[in-house]
Amino acid sequence: METSSSRYLADRLRAIGVPVTLQRLEIARVMLSRPVHLSAEQLLAKVRDTVPETSRATVYNTLRLFREKNLVKELIVDPERVVYDSNVEPHYHLYDVDTGELTDVAAEELHVIGVPSLPAHVELEQVDVIIRVRGKRV
């Protein structure tokens, strides 16, 4: 039996033109039920807990689709770490390089003043800020 949250997520996906499958619905449940920062591999592990037949390709393709539909943001934390953020409202991030923890920083807590001059053929899409921190060394 479909729960009200599953129904809500299915309706939300359909409203933006995303065909609903069991795997996409479970990916949406994991990513969109609360704010999270997950790598594709972390997401795959969580989704496989309830839908074990979910493939890696399905997760990557769904994340790409969700990104295109503005349901998640892709954050390149470092060259070997990409995470997907379910909070698509304007905000920044604090990244602890020692622990790998990524925390949201409200947009009003940091003021970015100005943007560089851009070539005439492009427009600014967004500004991503990742503040990298580490534990103090004594």
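Predicted model: local features only at pLDDT ≥ 70, side-chain atom pairs only at ≥ 80, totals over all residues.
**Figure 1. Histidine 91 sits in strand β4.** Strand β4 covers residues 91-96, and histidine 91 belongs to it. Is histidine 91 buried or exposed? Its relative accessibility is 7%, and because buried means under 20%, histidine 91 counts as buried.

**Figure 2. The side chain of histidine 91 has polar partners.** Look for the backbone oxygen of glutamate 89: the side chain of histidine 91 reaches that atom at 2.6 Å. Now find aspartate 104, whose side chain makes a polar contact with the side chain of histidine 91 at 3.2 Å.

**Figure 3. Histidine 91 touches residues from elsewhere in the sequence.** Which residues does histidine 91 touch, leaving out those up to four places away in sequence? They are Lys73, Asp85, Asp104, Val105 and Ala107.

Figure 4. Starting at the N terminus, their order is α-α-β-α-α-β-β-β-β-β. The C-alpha atoms fill a box of roughly 50 × 45 × 25 Å along the principal axes. Of the 138 residues in the chain, 32% count as buried, and histidine 91 is one of the buried residues.

**Figure 5. The protein chain carries both positive and negative side chains.** There are 18 positive and 21 negative side chains, with the centres of the two sets 4 Å apart. The accessible surface comes to about 9,200 Å², and carbon and sulfur atoms account for 52% of this area.

Methods. Residues numbered from 1 in each chain as written. Heavy atoms only, no water. Helix = DSSP H or I, 4+ residues; strand = E, 2+ residues; numbered from the N terminus. Buried < 20%, exposed > 50% of the residue type's maximum accessible area, 1.4 Å probe, protein only. Polar contact = N/O pair within 3.5 Å; in protein donor to acceptor, adjacent residues only side chain to side chain. Contact = heavy atoms within 4.5 Å. Areas by Shrake-Rupley, 256 points an atom, 1.4 Å probe, with all protein chains shown as cover. Lys, Arg positive; Asp, Glu negative; His and termini not counted. Charge placed at Lys NZ, Arg CZ, Asp CG, Glu CD.
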